[in-house]
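Please read them with the structure open.

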Amino acid sequence: MQACIVIGGKSREDGSLDEIAKALAKGLESQGHTVDILNIYTDSDRKLSFYDYVIVGTTATTSFGGSIPEAVEAFLKRAGQVSGKRCLAFVTK
């Protein structure tokens, strides 16, 4: 199955999100899945409708973790049809 890990933090480069995404990808690949890691800032034109699994990772923009970057919402609006897909989201501080 095809899986996609979409990451996007407060800035273009977020080392902690990269590490988490790579670890998730390694685990999924060990189970026989094909995994692509997409950065919302550099892969803004990619569509997610091709994937069976969609994982979204981001960082919290407030102290109490109540908000995520607006760029994540904008990316998902342009990402095509994701309804009916198996999804997972995680937020880091």
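Predicted model: local features only at pLDDT ≥ 70, side-chain atom pairs only at ≥ 80, totals over all residues.

1. In which sense do strand β1 and β2 pair, and over how many bridges? They pair in the parallel sense, over six bridges. Strand β1 covers residues 2-8.

2. Four strands form an open sheet in the order β2-β1-β3-β4. The pairing is parallel. The edges are β2, residues 34-39, and β4, residues 86-92. Each of these two strands pairs on one side only. On average, neighbouring strands of this sheet are turned by 15° against each other, direction ignored.

3. Helix placement. Helix α1 spans residues 15-30 and lies across β1, β2, β3 and β4. β3 is residues 53-59. The helix runs at about 170° to β1.

4. α1 has 16 residues. From first C-alpha to last, α1 reaches 23 Å. That is close to the 22 Å expected at 1.5 Å a residue.

5. Which residues of α1 are buried? They are L17, A21, A25 and L28. These residues cover an arc of only 70° around the axis, so they sit on the same side of α1. Their cover includes β1, β2, β3 and β4. The face turned away from this buried side carries the exposed residues E19, K22, A23, K26 and S30. Just after α1, G32 takes a positive phi of about 95°.

6. Cysteines. How many disulfides does a search of the whole structure find? The search finds zero. A disulfide is a covalent bond between the sulfur atoms of two cysteines. For C4, the closest cysteine sulfur is in C87, at 10 Å, and that is too far for a bond. The cut-off used here is 2.5 Å between the sulfur atoms. Seen from the other end, C87 is in no disulfide either, with the sulfur of C4 as the nearest one, 10 Å away. The surroundings of the two cysteines can be set side by side. C4 counts as buried, at 0% relative accessibility, whereas C87 is exposed, with a relative accessible area of 53%.

7. T92, buried or exposed? T92 lies in strand β4. Its relative accessibility is 15%, so T92 counts as buried. The cut-off for that label is under 20%. Leaving out residues up to four places away in sequence, T92 touches S16, L17, I20, T58, T59 and A60. One of these, L17, is also among the buried residues of α1.

8. K47. Where is K47 found? K47 is in the loop between β2 and β3. This residue is partly exposed, with a relative accessible area of 47%. Beyond its neighbours within four places in sequence, K47 is in contact with R78, A79 and G80. As a further distance to check, K47 and V72 are 25 residues apart in sequence. In space they are 14 Å apart, C-alpha to C-alpha.

Terms used. Residues numbered from 1 in each chain as written. Heavy atoms only, no water. Pairing = 2+ DSSP bridges. Axes fitted to C-alpha atoms, helices over the stretch in contact; angles between N-to-C directions. Contact = heavy atoms within 4.5 Å. Buried < 20%, exposed > 50% of the residue type's maximum accessible area, 1.4 Å probe, protein only. Expected span 1.5 Å × (residues − 1). Arc of directions from axis to C-beta.
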